[in-house]
Amino acid sequence: LRDEDLQANAARVGAHLKTRLLELAERHPIIGAVHGEGLYMGVELVRDRETFADLLRGERPNKRRKSAE
């Protein structure tokens, strides 16, 4: 890890990845948010950016019903 400077490389590549994902978010309203650091990134796909309605269910993430157990 140290010899190949993998941690710093992940930070550099991750910064580039995040920039590009944010550019995509500007063009595609389905991308509600981009989260993460380094190469550990996440993209929230939404039905509506205003309400952050879940893409698949159409509900706000914090308002989801619990599944039957």
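Trainee: Which residue stands opposite V46 in β3?
Mentor: D54 is the one opposite V46. Strands here are DSSP runs of E of at least two residues, helices are runs of H or I of at least four, and both are numbered from the N terminus.

Trainee: Before I go on, where do these coordinates come from?
Mentor: This is a predicted model, with residues numbered from 1 along each chain as its sequence is written. Local features need pLDDT of at least 70 and side-chain atom pairs count only at pLDDT 80 or more, while totals for chains, interfaces and linings use all residues, and side-chain values use heavy atoms, leaving out hydrogens and water.

Trainee: Back to the strands. How many bridges join β2 to β3?
Mentor: There are 2 bridges, and β2 and β3 (residues 53-54) run antiparallel. Pairing requires DSSP to find at least two bridges between two strands. The β2-β3 hairpin has 4 residues between its strands, and F52 in the turn has a positive phi of about 55°.

Trainee: And β1 with β2, parallel or antiparallel?
Mentor: Antiparallel, with 6 bridges joining β1 (residues 31-37) to β2 (residues 40-48). H35 stands opposite G42 in β2. That hairpin has 2 residues between the strands, and G38 takes a positive phi near 65°.

Trainee: What order do the strands take in the sheet?
Mentor: The order is β1-β2-β3, in an open sheet of 3 strands with antiparallel pairing. β1 and β3 are the edge strands, since each pairs on one side only.

Trainee: Where does α1 lie?
Mentor: α1 lies across β1 and β2, running at about 170° to β1. Such angles run from 0 to 180 degrees between N-to-C directions, with axes fitted to C-alpha atoms, for helices over the stretch in contact. Contact means heavy atoms within 4.5 Å. Along the sequence the pattern reads α-β-β-β.

Trainee: Changing topic: how many salt bridges in the whole structure?
Mentor: The search finds 1, counting a Lys or Arg side-chain nitrogen within 4 Å of an Asp or Glu carboxyl oxygen. E23 pairs with R20, and their closest N and O atoms are 3.2 Å apart.

Trainee: Why are E23 and R20 separated by about one helical turn?
Mentor: Because they are 3 residues apart in α1 (residues 6-27). E23 is partly exposed at 33% relative accessibility, and R20 is partly exposed at 47%. Partly exposed sits between buried, under 20% relative accessible area, and exposed, over 50%, using a 1.4 Å probe and protein chains only.

Trainee: What share of the chain counts as buried?
Mentor: 16% of the 69 residues.

Trainee: Which element has the lowest mean pLDDT?
Mentor: β3, at 82, while α1 has the highest, 96. pLDDT is the predictor's confidence in each residue, from 0 to 100. Over residues 65-69 the pLDDT is below 50, and that stretch has 1 contact in the model beyond near neighbours in sequence. Where pLDDT is low, the predicted coordinates should not be read in detail.
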